[in-house]
Amino acid sequence: MLQYFMARNNMEENVMKTKNYMKQFIDTYYDRHQNLDKQPVIELINDQTFNELSDTVILEEGRSLPELLSIIEEKVYANRLILEHPRNFAFIPAPVEDVSRLGDMINTFYNPNACGWYASSGTACIEHALINWLCEQAGYTKNASGIIVSGGSMANLTAAITARDTKIQPDQIAKGVVYISNQAHHSINKSLHIIGIPDDRIRYINTDDNLKIIPDDLDKKIINDKRDGLIPFLVIATAGSTNAGVIDPLHEIALIADKHDLWFHIDGAFGASLLLSGEHKHLVNRINSADSITWDAHKWLFQTYSCAMLLVKNRSTLLHSFSDNAEYLADAQKADHTDFWDLGIELSHPARGMKLWLTLQNLGTKQIAQKIDFGVYTAEYTQQVICNFNHWQIVTPAQTAIINFRYYHKDLSAEILNDINSLLSEKIVASGYAQIMTTKINGATTLRMCTTSPKTTHQDIDQTISKLNDFLNEVL
Ligand SMILES: *Cc1c(COP(=O)(O)O)cnc(C)c1O
């Protein structure tokens with residue numbers, strides 16, 4: 001113990017040292033990320049580094065910060081997919097605004113517990129105001145509310161729980177049926193399993209040639225299930241599917257949900273950001289017909305992980321599911337003081353809304369709108385470039401900043417075509433120049449590009465397609 005008390009005297013000195021490392025780190029980070037477009041989009045850890053890192057044991061006497069920082073910089077974070085790289089077109093890219101990074105950092109320093117009002121009234125005030133503003137943007141009225149969560153998966157889960165608790169009695173869950181499309185994100189299936197809906201009570205609504213839900217088929221399936229004594233209680237549509245950027249016919253689905261008294265959830269993890277666009281807002285203007293909306297800020301609102309929202313039309317539905325404190329139900333006046341633990345699953349958590357608030361306040365709505373519109377425009381530009389070559393076939397047109405295309409030749413079998421397109425993806429990924437992955441659309445392997453980065457240039461697109469053309473010659 002005595003030794004410990006003596007060592008404590010050095011604490012001040014250690015704080016100063018750590019502080020200097022922090023300052024140095026920021027410089028190092030920005031030095032490394034200058035000219036991002038000249039760097040490979042992805043580095044995968046090699047076997048040697050993997051073993052080295054795995055074998056870095058925790059020592060009794062610890063290790064010095066310079067040693068650890070060099071390990072972290074050179075060997076850990078160097079091996080990653082740079083999701084904000086201007087030529088990362090895979091998954092949903094994460095083009096981060098530096099001001100979000102700053103907001104995240106500040107929040108980490110203050111480290112408030114954003115679970116409730118008393119523990120962090122300042123951030124609670126901002127987060128309530130932010131949620132209200134986002135609800136307004138979605139076209140919700142004053143009964144609406146929401147919760148800031150770690151991601152789209154968490155938002156979808158929170159929505160599924162709320163839908164179940166609102167629409168179905170606990171002893172009837174074994175009869176509950178949910179309707180989704182085959183384009184729904186896999187986090188939806190996971191959420192449904194968690195709330196007690198197994199695969200045999202998940203119905204896949206047919207989609208049309210554009211991969212959109214066919215409302216009549218939804219209606220038919222609901223009627224069938226009711227006739228069989230089951231209890232349909234939830235339909236989930238997507239605003240901006242991960243595969244192809246497709247937006248389901250939201251209004252028509254809402255009418256059917258309403259007719260059969262189903263909860264209507266819209267997974268807008270990717271596409272809800274169009275609400276803040278300039279020229280593409282109309283694509284999602286019926287999003288307010290949903291009972292709940294998932295919206296990721298770490299996808300197309302330029303935030304660092306993790307930051308997403310679940311918005312609900314009726315605040316009382318969240319309280320019903322997540323508050324043990326029935327008084328809140330009567331106490332609508334104090335909406336802005338509600339503890340977040342009464343609106344969602346988590347207790348202790350960071351104030352994830354602060355960086356988003358900082359970004360929106362700093363950039364302003366005009367610049368945000370331009371940045372989102374630019375992503376849609378870049379996908380359209382990509383389509384134009386692709387269309388200059390006869391061998392490329394557009395599988396799903398540029399929409400919501402996603403485009404799917406493939407090499408096609410009428411004399412080749414489906415199997416060979418799939419193999420060729422897979423090879424093209426492998427080759428461009430291995431080159432490090434750009435990241436383009438494949439997906440399946442109606443069984444066909446396609447090259448999928450998601451172009452949300454505001455930093456992507458025409459030249460990035462031209463060169464990427466040109467490289468694909470070169471690889472195609474090699475493969476053929
Ligand atoms: C990415 C995505 C999700 C999952 O979001 P996370 O933030 O990764 O948990 C859910 N739905 C859709 C449509 C998505 O694109």
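A polar contact is a pair of N or O atoms within 3.5 Å; within protein, one atom must be able to donate a hydrogen and the other to accept it, and residues adjacent in sequence count only if both atoms are side-chain atoms. The model is predicted, with local features requiring pLDDT of at least 70 and side-chain atom pairs counted only at pLDDT 80 or more, while totals for chains, interfaces and linings use all residues. Residues are numbered from 1 along each chain as its sequence is written, and side-chain values use heavy atoms, with hydrogens and water left out.

**Ligand site**

The ligand is surrounded by 13 residues, each having a heavy atom within 4 Å of it; the closest are G152, S153, D267, D296 and K299.

| Residue | Ligand atom | Distance |
|---|---|---|
| S153 | oxygen | 2.6 Å |
| T242 | oxygen | 2.9 Å |
| D267 | nitrogen | 2.6 Å |

Of the 380 Å² of accessible area that the ligand has on its own, the protein covers 85% (Shrake-Rupley method, 1.4 Å probe).

**Domains and their interface**

An automatic or database assignment divides the protein chain into domain 1 (48-79), domain 2 (112-349) and domain 3 (365-475). The C-alpha centres of domain 2 and domain 3 are 31 Å apart. In contact (heavy atoms within 4.5 Å) are 22 residues of domain 2 and 22 residues of domain 3. The area buried between these two domains (accessible area lost on being put together, 1.4 Å probe, summed over both) is about 1600 Å², with 64% from carbon and sulfur atoms. N243, W300 and F302 supply 34% of the area that domain 2 buries against domain 3, more than any other three residues.
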